[in-house]
Amino acid sequence: MHRASCVRALVFDFDGVIADTEGPEYRAWQETWADYGHELSLDEWVQCIGTNDPDGWNPLDELSRRMGDGFDRDEANRRRQARHHPAIHALVEPLPGIVDLLDQADAAGLETAIASSSGDDWVPVLLAQLGLTERFAHLSTFDGTCPAKPAPDLYLRACAALGVEPSEAIAFEDSPNGIAAAKAAGLWCVAVPHEITAGLDLSGADLVIPTLGGVALDRLLERLGC
């Protein structure tokens with residue numbers, strides 16, 4: 001791992017990179033909107049991928065706006081949860097390549113962390129479900145104390161906690177919001193799209209690859225030129 005001399009850490013987004021959560025969430029909201037006679041397009045949905053901006057686009061807020069007075073937000077959310085929760089609880093494995101890449105990072109002496117716009121009521125629970133709790137030295141999740149992506153703060157906090165400079169870390173992302181956050185923070189960024197984000201503009205990343213399955217860390221560093 002001689003080429004890892006300029007890289008000291010790997011920092012992962014969570015949803016869509018470590019866990020296959022993006023598709024189930026979109027489909028749950030799609031079906032819930034359909035209950036009320038509305039179609040949730042992918043173009044609308046992608047506005048909220050990778051971020052947790054309280055002032056940004058929100059599927060429940062938008063459905064409420066369309067339905068008008070008398071709309072029962074709690075009932076709509078219960079319908080969404082009834083679809084979403086079973087799908088999420090059924091997840092028993094991380095996405096392809098994650099465990100192998102973490103093993104390679106350990107062997108190379110690299111630090112690992114998560115930087116996610118999801119909250120600390122979500123990420124640790126699913127990490128435990130996937131058997132990955134002990135694989136990350138730090139979790140930088142959205143707790144209201146710093147802005148969510150696309151602001152760089154979650155990545156800056158992760159790097160500071162690991163004791164590395166952002167330029168010494170590689171971020172793994174799946175969305176434009178996440179890529180913008182990683183690059184604004186000064187990290188290298190590898191984009192790994194999935195079914196929801198494959199058609200989005202991920203050109204802000206230093207490298208776009210279709211999957212982490214079978215990825216060799218040495219080769220990845222070579223392709224990044226670091």
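The exercises below concern a predicted model of one protein chain.

**Exercise 1. Overall dimensions**

Task: Decide what radius of gyration a compact globule of 226 residues would have, and compare the protein chain with that value.

Solution: 
- Step 1. For 226 residues, a compact globule would have a radius of gyration near 17 Å.
- Step 2. The protein chain has 18 Å, which agrees with the globule value.
- Step 3. Along the principal axes, the C-alpha atoms fill a box of roughly 60 × 30 × 30 Å.
- Step 4. Residues count as buried under 20% relative accessible area. Of the 226 residues in the protein chain, 49% are buried.
- Step 5. The accessible surface is about 10100 Å², and carbon and sulfur atoms account for 48% of that surface.
- Step 6. Take the contacts between residues at least 6 apart in sequence: 66% of these join residues at least 24 apart.

**Exercise 2. The sheet and its edges**

Task: Work out the strand order of the sheet, and find which strands stand at the edges.

Solution: 
- Step 1. The protein chain contains nine helices and six strands.
- Step 2. An open sheet of six strands is arranged in the order E3-E2-E1-E4-E5-E6, and the pairing is parallel.
- Step 3. Strand E3 (138-142) and strand E6 (207-208) each have a single partner strand, so one side of each lacks a neighbour in the sheet. These are the edge strands.
- Step 4. Helix H6 (residues 123-130) lies across E2 and E3, at about 125° to E2.
- Step 5. Ala171 has Cys189 in E5 as its bridge partner.

**Exercise 3. Helix H3 and its ends**

Task: Identify which residues of helix H3 (residues 59-67) are buried, what covers them, and which residue caps the N-terminal end.

Solution: 
- Step 1. In H3, the buried residues are Pro59, Leu60, Glu62, Leu63 and Ser64.
- Step 2. Their cover includes helix H1 (22-35), helix H2 (42-45) and helix H4 (73-89).
- Step 3. At the N-terminal end, the cap is Asn58: one of its side-chain oxygens lies 2.8 Å from the backbone nitrogen of Leu60. Leu60 is also among the buried residues of H3.
- Step 4. After H3 comes Gly68, which has a positive phi, near 80°.

Definitions and conventions: Residues numbered from 1 in each chain as written. Predicted model: local features only at pLDDT ≥ 70, side-chain atom pairs only at ≥ 80, totals over all residues. Heavy atoms only, no water. Pairing = 2+ DSSP bridges. Helix = DSSP H or I, 4+ residues; strand = E, 2+ residues; numbered from the N terminus. Contact = heavy atoms within 4.5 Å. Axes fitted to C-alpha atoms, helices over the stretch in contact; angles between N-to-C directions. Rg over C-alpha atoms; globule rule 2.2 N^0.38 Å. Buried < 20%, exposed > 50% of the residue type's maximum accessible area, 1.4 Å probe, protein only. Areas by Shrake-Rupley, 256 points an atom, 1.4 Å probe, with all protein chains shown as cover. Polar contact = N/O pair within 3.5 Å; in protein donor to acceptor, adjacent residues only side chain to side chain.
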